[in-house]
Structure formats: structure tokens, C-alpha cells
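Thanks for coming. I have one model to go through this morning, so let me put it on the screen.

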Amino acid sequence: MKLNINTYLNKTTHAAPLAVFRIGFGVMMCLSIIRFWYHGWIDTLYIQPKFHFSYYGFEFIKPLGNYTYILFFICGLSACFVALGLKYRIAIISFFLSFTYIELMDKTTYLNHYYFISILSFLMLFLPANAYFSVDNIIKRKRYEHIPKWTTDSIKLLLSIVYFYAGLAKLNSDWLLKAQPLKIWLPSKYDLPFIGEHLLQQNWFHYAMSWSGALYDLSIPFLLLYKKTRWVAFIFVVIFHVFTRILFPIGMFPFIMIVSALIFFDANIHVKIINILKYLFKLKKEFVSLKTQPYKLKYRKPILIIVGVFLSLQLLIPFRYLLYPNELFWTEEGYRFSWRVMLMEKMGISTFKIVDKETGVFFYVDNKDFLTPFQEKQMGSQPDFILEYAHYLGEHFTNQGHKNVQVFVESYVALNGRLSQPFIDKSVNLYTEKESFKPKNWILPFKDDIKGL
């Protein structure tokens, strides 16, 4: 076994696939930052709100006021440098730190693909993505045509985890037997040309989309890995993600996944892509005279340990929900960071009551005084949001001079087309409850059953 592992770790592969991946990743990230800036979301999501929801353990990370624009500029510039392969190691570190800081500034903006970008950029810290077709090659007057095979395989594994775990998450009764939440979302797209008025209103189509989505996610990594089905699989990737982008406003993520899927192809395809880029940008002469050298990975053992632990965690973290006794979709304990993509439509209304413990005098909070509409929507159905907001309200009114402050909430939540149900025990003073990894016993039981993984 040890011999087989060592043999694998000593295998090499052409550096072109990793170079093309680096270029595609950098370009997509740079465009994402430009798009975010262009739409004014930096201001509306990070500067305008009076209060920001934090990730547990990262409460110290906050928006930087107007300096937040500088943070986004650094992130976009770093992505550009990554694409060029210019000072790659500094660029990818800068991108990882700035992008992850942006992601951690406000939990309200959490999306699976933001998490994916953070962990992917972390993995890229340890990969020689600038070994081939990079500005670093031109500066150093040398290039490396072959790199360790595990460097490209690690990206393939991470992509496979994302797809396969997303497929496993769809193996539940709401998705497969009730076609939820697609049965809610698809009919709302009635304004789409050709398909909106008819196809998206059909019950059979909702089920077809649910089942085909699960089958796609479960099978696509294997179809991409197998050479004979790779091109067909890539066509499926393009069709699936373009169609998803048409139906749902999920930004650049579909295009990121399409570009990322190219890494599964053999090196000769990537060499052709690079030759096209050389021709388009008239770069051929810059790379002709470069001296080709064998690649030697510095700090090989610690890097392999870090990457090995990192990938092992990616396999384990999505299953942490098994440590919690209650319905995952209801409590969302262990829901994030587990590739549960677009699996539920959850709407809630939470009304907060501030009570003087000694006198019993109380008043209700108008959430619009403290939260943006987007924040209020996210808070209404997510228990950790509700708890954090309750603490914010408690501290706010205590600082205003109110005595013996207690914070109670009356909350109702509707999940995947069900009638709304009481969500939070309204007799519990949330101001005294602390956030932790323990189960939240003040969440009321779910009055239904969702079977599945």
C-alpha cells in the first residue's frame, strides 16, 4: 500500500491543464468582482446595513466601511494576477485572504459557490499553477512542462466532491417524491420565452427536473473521469449549467463550473487552448526561447500533509449534520458547507418582543428599523440568525437605558410548500441563550418527516 501511494505521488503529468485552469479561474473571479461592483452590491450588502450577521467564531470580521471597496479592488486585482500567472504565489494568497474575508463579513450573503471559491483558492495555494504559460515563466526565463499528477487530481477530486455530495443531498423525499422546491420555483418563471407559459407549469416537468438533477450530480464526476464519456459529459455540463443560469439568478457560478470541468480533459486539449491564446495575444515568441526544466516541489512532505488533511475534511464536513438529532432542513444545524444546493424554499416571519423582566412591560420591535429587507428575509427562517439578532436587540436596548431586558420571539416558518408552523419556543429568553455547536433546544419540533440522506 505504501509503495502504491509513493508510486502515485511520484507520477507526473503535463502542466497545461493546471495552467488553463488557473487562467479560467482568475478570469472568472475577476469578472465576478467587476459584476458585483457594477451592480452596486458592495454598498447595499456591506455598507448600508446597520448590523451584520457573523459566522460563529468569526465575529471579529466586519465590513470596513468605505474601505470595503479597497478590499474588493485587491481581490479583483489578485484574480487578474492569478490569471496572468504574475507573482502567482503572492496573488493567490492575496486572493484567498481577501475573498474569504469578503465571504465572512456577513453571513446573509452565504452561497455554496462562495464557499467553493474559498476552499478552491486555498487548495491552489499549494499547487504549481504558474509552472506553465505564465508571466512568471517569462520573468524567470524558464518553464516546467511536467508537474506532479496529484496537483491536478486534487482539483478533480474537489470538483467531484461538490457534484457527488450535491447529488447525495437530493436523495430526499421532498426532492424526489414531491418535486420540492422546484414545484414552487419553476412556475414562477412564466415570463421566460417559449418554455415559461407551458413547460415550466407542467407537474411532470417538475419531477423530471428533480430526478434528472439528482442523476446529473451523482453521475457527472464519473462521466468526466472516464475518457470515452468525457465529451458527452462536458456537453451535459454546459447544457445543465446554462439552463440553470437561465432559470435562476445564481451569478457566475454556472460559468465557473463549466470552465472548471475542462481540467478533466487530456493535456493535448489544453495545449491547443494555450496555443490559441498565444496566437490571439501574439505571445508565441515570448515562450519559444524559454528553458524547460524538471519541476521540483519545495516542502513536498508538509504540502502533501496539508492537502491530504484538507481533502479529508472536505469528505467529512458535509456529514456533520449526523451529530444533530433534529430535521436538518428545519433546524439547518450542519446545513451550510455541505453542498446542499437549492434544496429548500423556506420562508419565515419572526416578531421580537422586548420585555422588562421585573415589571413585565413590553414592546414589539419593527425589524425594518435595524435590518435591510434582504437581511430580514434571511433572518426570518434561520435559527442562528434569529439568535444573533436577539442578542443584538438585547444589547441595543440595554445600551439605550432599558432595564432587565429579555428578548422573546414569535416565529412561524413554511418549508417546501407546507403550511407555516411555529418555529421558535416563544417562552425562551433568547438573550440568555448562547451560540454554540450544541443542538438548539429552543427550536420547536418539525411536524412532518423528510426522509433521505
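Pro-181 sits in the loop between α9 (173–177) and α10 (182–185); helices here are DSSP runs of H or I with at least four residues, strands are runs of E with at least two, and both are numbered from the N terminus. The peptide bond leading from Gln-180 into Pro-181 is cis, with omega near 10 degrees.

Before going on: this is a predicted model, in which local features need pLDDT of at least 70 and side-chain atom pairs count only at pLDDT 80 or more, while totals for chains, interfaces and linings use all residues. Residues are numbered from 1 along each chain as its sequence is written, and side-chain values use heavy atoms, with hydrogens and water left out.

Phe-133 is found in the loop between α6 (112–124) and α7 (135–140).

Next, the domains. The assignment, automatic or from a database, gives domain 1 (9–321) and domain 2 (345–432). Their centres, taken over C-alpha atoms, are 36 Å apart. Contact, meaning heavy atoms within 4.5 Å, involves 16 residues from domain 1 and 17 residues from domain 2. About 1,500 Å² is buried between the two domains, with 57% of that from carbon and sulfur atoms; buried area is the accessible area (1.4 Å probe) that two parts lose on being put together, summed over both. On the domain 1 side, Phe-51, Phe-53 and Thr-108 lose the most area to domain 2, together 42% of what that side buries.

How many salt bridges are there between domain 1 and domain 2? There are three, where a salt bridge is a side-chain nitrogen of Lys or Arg within 4 Å of a carboxyl oxygen of Asp or Glu. The structure as a whole holds 14 salt bridges. One of them joins Asp-266 and Lys-227, at 3.3 Å from N to O. These partners are 39 residues apart, with Asp-266 in the loop between α13 (253–261) and α14 (267–280) and Lys-227 in the loop between α11 (203–225) and α12 (230–247). Asp-174 and Arg-418 also form a salt bridge, at 2.8 Å from N to O.

Last, a helix pair. Helix α8 (residues 149–169) packs against helix α16 (residues 300–316) at an angle of about 10 degrees, with the axes 10 Å apart. Axes are lines fitted to C-alpha atoms, for helices over the stretch in contact, and angles run from 0 to 180 degrees between N-to-C directions.
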